[in-house]
Amino acid sequence: MKKFVRFLLVLIGLSVLGYWGYKKGKNTRSLVGKIHTDADWVLKINVHTIKETVVLDALTSPGFYYDQISFSSGEEEKDSLADNGIDFTPFNLVLYTVPTVKNTAFGTFEIDASEDFEIFIGRELASRNIPIEHNAEHGYRWAVAKKQKTVLAWNQAKLIIAMSPEIIQENLAVIFKDILTDDKTIQDTSHPLVQTLSDIDDHIALIAGDSRININFEDGEALIDGNILTRHTNRFSPEVTVEAMDEASFQVHFDANFQEQANKKDVQQLLGSFSFFEKNNLDVSEILDRTNGFFSLAVKGTTVQTDTVVTYEYDDNFEKIAKKTAQEKIVPKLHLNIGAANESLQSYLQERGAVTNQKVFEPFPLYQLYVKDGSMYTAFDTFKGRGQFQEYSNSNFFDCKINFQQLAADMGIPQLKRYTAVLKDFRIRAGQKEGNNIRLMGSLVGQQQEVNILSQLLFQTKGPVKTD
């Protein structure tokens, strides 16, 4: 009997060791050929480990998963990913950025069956009326999904997905050629970046040099933890003064600290990629010259606004005339602050026609935003007059808090309830108290503490799973 027990223990030990070796090898190999050699920031989504976590959670909380599954005797539904020639959920999913292409994330996928993939991608793009172009010089195809801010490029072996708020095809074409033609990707399993990523067991990890942010999905919550190293010491203020609403459903502030010119330049590059400013005759650099880099936004409760509704009717001479009527509507009570600098932001917006004589910010169509200039802030509120606020000091230059149930009620958007029903609170904050180290901490809390937060989110957004 003792020999049998020893044999069983040895067998179990070898099985565990063998699985660990398989997983370690697969983990490393799945990263090879997926990352551009010049990549700076790399995001690793540990798909295999996430699947293991969900399976283990199903064993410990079977009641939740059973309730999410509906049984039917209908015909088997066709798997939308079957026979498409590519796996969009590999062992590890890797996204990365390249310094020469700003505000753009890339992902590289291996094509297992070229003919199947061509049929799949052709069908999917045709259904969305997206044309396929051919780069004859470098031998790859590409397509632009403008609404999704995404560009696809592929040959017989690989697919590249590029995501950016501003698509500049000339810049993307360089990266497409690097990977699809010149295979300019990290191929060595002993490469330091591959080794670092391979050793990371977190569900999601974002790294750049010694900077790192981790996200892990636990029972009832997702935990965010990270350290980011800045180029200069004390790049962000160690303490900021915030004008806040007590018990707000949504509250966020960010102090970009424009005393550091590098911060101002980064914000200008980011905002410059949005067409909103150009469409409304606004210059980003002139706006930023009128602020010190501080931004805060709070939502608490609702308020009533009067909107003018235009309808048309015919008079006795059958001539079409416009009829204006006042209509009250309930909108979120919103308070937006932009830190003041030397010149008036409100005056600039009035000169450019973005603010009316009634001090209403015109380019925002959903609500009337009343603009109010002050010594410390320029405020954009959905209510007239002065609200009740409390000033306090905060050691975090960035801080965001959300109460999902309260926010859904304040926003009055029924579609939000489906996505916020399983969520309770969210908090994320970042501070740089000294040196060049930014400390990042956060959590997303679900309603059910005994069920993994990722499963709560997946089942809530996708709906019940059907099975025969």
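**Entry 1: helix α6.** I am working on a predicted model. I began with α6, residues 192-199, and looked up which of its residues are buried: Leu193, Val194, Leu197 and Ser198. Looking down the axis of α6, I found these buried residues within an arc of 130 degrees, so they line one face of the helix.

**Entry 2: the whole protein.** Next I stepped back for an overview. I noted 13 helices and 23 strands. Of the 468 residues, 41% are buried. I also looked at contacts between residues at least 6 apart in sequence, and 67% of them join residues at least 24 apart. The accessible surface comes to about 26900 Å², with 53% of it belonging to carbon and sulfur atoms.

**Entry 3: the cores.** Then I went inside. The largest nonpolar core has 45 residues, and those with the most contacts inside it are Phe250, Leu349, Phe361, Phe380 and Phe426. Strand β21, residues 423-431, gives the most to this core, with 4 residues. Apart from it lies another core, of 27 residues, and Leu197 is among them, along with Phe106, Ile179 and Ala205.

I wanted to know what Phe250 touches beyond its neighbours within four places in sequence. My list reads Leu297, Ala298 and Val299, then Cys400, Lys401 and Ile402, and finally Leu407.

**Entry 4: a patch on the surface.** Nonpolar side chains also turned up outside. Val55, Leu56 and Leu59 make a nonpolar surface patch of about 330 Å². I placed Val55 in helix α2, residues 47-60. Is Val55 buried or exposed? Its relative accessibility is 52%, so Val55 counts as exposed, the cut-off being over 50%.

**Entry 5: two lysines with positive phi.** Last, I checked the backbone. Lys149 has a positive phi of about 55 degrees, and I found Lys149 in the loop between β6 (140-145) and β7 (150-154). With a relative accessible area of 42%, Lys149 is partly exposed.

Lys359 has a positive phi as well, of about 65 degrees. Its loop runs between α10 (345-351) and β16 (360-361). Lys359 is partly exposed too, at a relative accessible area of 33%.

Conventions: Residues numbered from 1 in each chain as written. Predicted model: local features only at pLDDT ≥ 70, side-chain atom pairs only at ≥ 80, totals over all residues. Heavy atoms only, no water. Buried < 20%, exposed > 50% of the residue type's maximum accessible area, 1.4 Å probe, protein only. Arc of directions from axis to C-beta. Core = buried A, V, L, I, M, F, W, Y, C linked by side-chain atoms within 4.5 Å. Contact = heavy atoms within 4.5 Å. Patch = residues over 30% accessible without salt bridge, like charges linked within 9 Å, V, L, I, M, F, W, Y side chains within 5 Å. Areas by Shrake-Rupley, 256 points an atom, 1.4 Å probe, with all protein chains shown as cover. Salt bridge = Lys/Arg side-chain N within 4 Å of Asp/Glu carboxyl O.
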